[in-house]
Amino acid sequence: MRFVYNFPFFSIICMMVCAIVSPMLSGKKALWLNRTGLAVTTALNGTLLLDMIKNPTRITFMMGHFPEPWGNEIRFGPLEALLATVFSFIMLVIFVAGQEDVFRDIPKRNINLYFVMCDLLMTSLFALIYTNDLFTAYVFVEINTLTSLAIVMAKENGQTITATIRYLVMSLLGSGLFLLSLTLIYDLTGHLLMPNIHSALQILIADSSYRLPVTIIMGFLSVGLAMKSALFPFHSWLSFAHGSATTPSSAILSSLVLKGYIILLVKIYFRVMGVETVQQLKVSNVLFVFAILAMIIGSMDAIQQVHIKRMIAFSSVAQMGYIYAGIALGTELGYCAAFLQIIVHALTKSMLFCAAGGLADSSDHKYTWGDLKGAAYRNPIAGAAFVIGSLSMIGIPFFAGFGSKFYLAMAAMTNPAKKWFMLFSLAVSTVLNAIYYTKALVVVFSKDGDTAKRKQHPSYVLGMGVFIAANVLLGLFYQQFFNVISTGIKLF
């Protein structure tokens, strides 16, 4: 095996080692270790991605010494390498832009422990992207959940505790359904590796007497992971978690954590159940209804908000709808559009949350519209990032969000039964996006408030500059990203 194919394993171990070492360090040293680990893993996965672009292939190898049916495998191709590179890069930039928020919002005694949780969270995301067996996936789903809860409540005030409890209840319901479905799968097939389960299930599905239990398993898996990824109507916890957490936690939760569960669900559809089986069992039709409702209702809820971070949180509900709608179309183009939307949303929403944090910091740490008047003049880099993020979410050409909306519309044309529902919902949601983001821009660029420029920390300026550049580059070169995704889907 070529040495570069070890990089997924190295990435997981690298962030795990950072988590082990961080408790022995001060808060500042833990931050630097976190950044170093993320820089290293971005380089490792980026190197793997470049190799996969030149030599597209699918690699599977066994971890440890236990073969099937209980083995632990890593499997990857161009798509997994792209996702891992983007995710580690985004978390790195979040902690460049958001370091001042961490040291201000989190008690000093807990800062190193906060980075332990963030390191473990990144470990779990790498594992969800690369794993090829369901039990390992479940273990890291739980690690992802616990670390996400920890970074939400790290601020240690009444609001974050309440938000964490809401998050915990919904997340445990999702975890319970996922574990129950995993138990039923093992009972039916005796396997834990995804390809082996797929082979066994195809035999069972051919026997019509097993149609009901397979349908129940598929429903439990889909609903459980939809709960954890805040798909409508399981989204009620999201705005509270985003609104009360420190800004880097909000950015990580929206841009990265939710996506890990969606990636796992798509892997299950491809490698465990089979895309044809998902279509036959009509699960995609149910997801499509929820996705369409999310696109409309999430946007309508965002319009009603007076708190900037909660507005962005409800915008995330609508964006989750876009992703699930692409998946529910059930076509190759639909899945490719969904993965492009995952990348676009991860990059843009993390930038929007960091921009919102900067605007609030220049407004005496207040997040309501009345206090944010003129904030874009007090913090110009945050104002610029918020403009670009807003244009991207609306879907304006030359910004990241245009490419994903374009391909979602193209994917809708490949499914005649869902075409008009998808196109209508996409158009309505885009108009609603324009309404609430335009309202926010009018407020932060209003000259009614204080417009005196305030000095920003160099790391914040650097981080936001990188976010802006990355968003514009993705908007200009979305076709190249889509080509990598398309190649990866064929090898998925």
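How many cavities of 30 Å³ or more does a search of the whole structure find? The search finds 1, and the views below visit this cavity and some other spots. This is a predicted model, in which local features need pLDDT of at least 70 and side-chain atom pairs count only at pLDDT 80 or more, while totals for chains, interfaces and linings use all residues. Residues are numbered from 1 along each chain as its sequence is written, and side-chain values use heavy atoms, with hydrogens and water left out.

**View A. The largest cavity has a volume of about 30 Å³.** On a 1 Å grid over the protein atoms alone, a cavity is a set of points where a 1.4 Å probe fits but cannot get out, and lining residues have an atom within 4 Å of a point. A volume is the space filled by probe spheres set on the points, which are joined across faces, edges and corners. Here the lining includes Gln319, Tyr322, Ser404 and Lys405. Helix α18 gives the largest share, 3 residues. By type, the lining has 3 nonpolar, 5 polar and 1 charged residues (Ala, Val, Leu, Ile, Met, Phe, Trp, Tyr, Cys and Pro count as nonpolar; Asp, Glu, Lys and Arg as charged; the others, Gly among them, as polar).

**View B. The largest pocket has a volume of about 370 Å³.** Among its 19 lining residues, Leu82, Val86, Phe89, Ala470 and Phe481 are the closest to the centre. A pocket is an open set of points with protein on both sides within 12 Å along at least five of seven lines. Its lining holds 16 nonpolar residues, 3 polar and no charged ones.

**View C. Phe402 and Tyr478 form an edge-to-face aromatic pair.** Their rings sit 6.0 Å apart centre to centre, with 75° between the planes. Rings of Phe, Tyr and Trp (its six-membered ring) pair if their centres lie within 6.5 Å; planes under 30 degrees apart count as stacked, over 60 as edge-to-face and the rest as tilted. Phe402 lies in α18 (residues 400-412) and Tyr478 in α21, so the pair ties together parts 76 residues apart in sequence. Phe402 is partly exposed, at 25% relative accessible area, whereas Tyr478 is buried, at 17% (buried is under 20%, exposed over 50%, partly exposed in between, with a 1.4 Å probe and protein chains only).

Key. Helices (H or I, at least four residues) and strands (E, at least two) are DSSP runs, numbered from the N terminus.
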